[in-house]
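Have the model open beside you and follow along.

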Amino acid sequence: FDLYHEDLRGNVKLNWADLPDGIDNDGDNRTDNWRGWDMVDDDSTLLINNEFHGTTVLAVGSATTDNDTGIAGAGFNCKYIAVKVGNNSQVITQGYEGIVYCIDQGAKIVNCSWGNTTFNQLAQDVIDDAALTNDVVIVASAGNVDAENYYYPASYEYVLSVTGVDANDLIDPAGPSDPTPFTRNDSVDVSAPGFNVYSTATYNGGPVYTPPTGGTSIAA
């Protein structure tokens, strides 16, 4: 995540209990988690140079509105907590720890635009605690494979699983030049725009606005 992106810095949820002063003011063993946290490297550095996924997905939900800049997030004035759960090779290694962190920070909705095909009971337990004990809505991407595979966390119980559709509400646009359709199965709960969505990124340290992009990450 680029939390200093011109279209994202206005909606970041600041942790006023731990000001950036080199001290763990809130006693959670995370020093200066003022603007989110990197669960993998256990620090506050959230940006991988020229890696777009987090910034792009975040902007669809929480890009600042009414600022004459870039795009407008679908969440309007929705504040966000940025939590990095993947390593520098973009492999998700701390996803469920990240969900727990979001709960501890008071989030009411957690976006999980990631996943794999492996069921894990401990992960389901984390979801159960989020949804049933803490009243948190977990939203996850259904998968970008032309198949009916189950992807997790999207296919866990109590998760809102989102697949993507085009502007005509089709999951499988017709024509040889059209994109590959997305994952669909009986755990998918809803669809949302997953083709030709404008968003943001950071490239070589500067903000850029992407050509139309897509995927169930964007839909989620």
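Let us begin with Asn-29, which sits in the segment before E1; helices (H or I, at least four residues) and strands (E, at least two) are DSSP runs, numbered from the N terminus. The model is predicted, so local features need pLDDT of at least 70 and side-chain atom pairs count only at pLDDT 80 or more, while totals for chains, interfaces and linings use all residues. Residues are numbered from 1 along each chain as its sequence is written, and side-chain values use heavy atoms, with hydrogens and water left out.

## Backbone details

Asn-29 has a phi near 65 degrees, a positive value in a residue other than glycine. With 69% relative accessibility, Asn-29 counts as exposed; buried means under 20% relative accessible area, exposed over 50%, and partly exposed in between (1.4 Å probe, protein chains only). A positive phi also turns up at Asn-196, where the value is near 55 degrees. Asn-196 belongs to the loop between E6 and strand E7 (200-203) and counts as exposed at 62% relative accessibility.

Another backbone detail is the peptide bond from Tyr-152 to Pro-153, which is cis with omega near 20 degrees. Pro-153 is part of the loop between E4 and E5.

Next, look at Thr-56 in helix H1 (residues 53-62). Thr-56 counts as buried at 9% relative accessibility. Not counting residues up to four places away in sequence, Thr-56 touches Ser-199, Thr-200, Ala-201, Thr-210, Thr-213 and Ile-218; contact means heavy atoms within 4.5 Å.

Val-60 also lies in helix H1 and counts as buried at 19% relative accessibility. Setting aside neighbours within four places in sequence, its contacts are Gly-73, Ala-74, Gly-75, Val-197, Ser-199 and Ile-218. The C-alpha atoms of Val-60 and Thr-31 are separated by 29 Å, and these residues are 29 residues apart along the chain.

Ser-62 is a further residue of helix H1, buried with a relative accessible area of 4%. Leaving aside neighbours within four places in sequence, Ser-62 is in contact with Asp-7, Leu-8, Asn-11, Gly-73, Cys-78 and Tyr-80.

## Salt bridges

How many salt bridges does a search of the whole structure find? There are three, where a salt bridge is a side-chain nitrogen of Lys or Arg within 4 Å of a carboxyl oxygen of Asp or Glu. Side chains of opposite charge can pair when their charged atoms come close.

| Salt bridge | N to O distance |
|---|---|
| Lys-84 and Asp-38 | 3.2 Å |
| Lys-84 and Asp-41 | 3.7 Å |
| Arg-184 and Asp-146 | 2.7 Å |

The side chains of Lys-84 and Asp-38 meet in a salt bridge. Lys-84 lies in strand E2 (residues 83-84) and Asp-38 in strand E1 (residues 37-38), so this pair ties together parts that are 46 residues apart in sequence. Both Lys-84 and Asp-38 are buried.

Asp-41 is in the loop between E1 and H1 and Lys-84 in strand E2, so the pair ties together parts that are 43 residues apart in sequence. Asp-41 is partly exposed, with a relative accessible area of 45%, whereas Lys-84 is buried at 7%.

Arg-184 and Asp-146 make another salt bridge. Arg-184 lies in the loop between strand E5 (159-165) and strand E6 (190-193), and Asp-146 in the loop between strand E4 (137-141) and E5, so the pair ties together parts that are 38 residues apart in sequence. Arg-184 is partly exposed with a relative accessible area of 32%, and Asp-146 counts as partly exposed at 43%. Through shared partners, salt bridges join Asp-38, Asp-41 and Lys-84 into one network.

Which residues of H3 are buried? They are Ala-123, Gln-124, Val-126, Ile-127, Ala-130 and Ala-131. The buried residues of H3 pack against helix H2 (95-104), E4 and E5. On the face turned away from the buried side, H3 carries the exposed residues Leu-122, Leu-132 and Thr-133.
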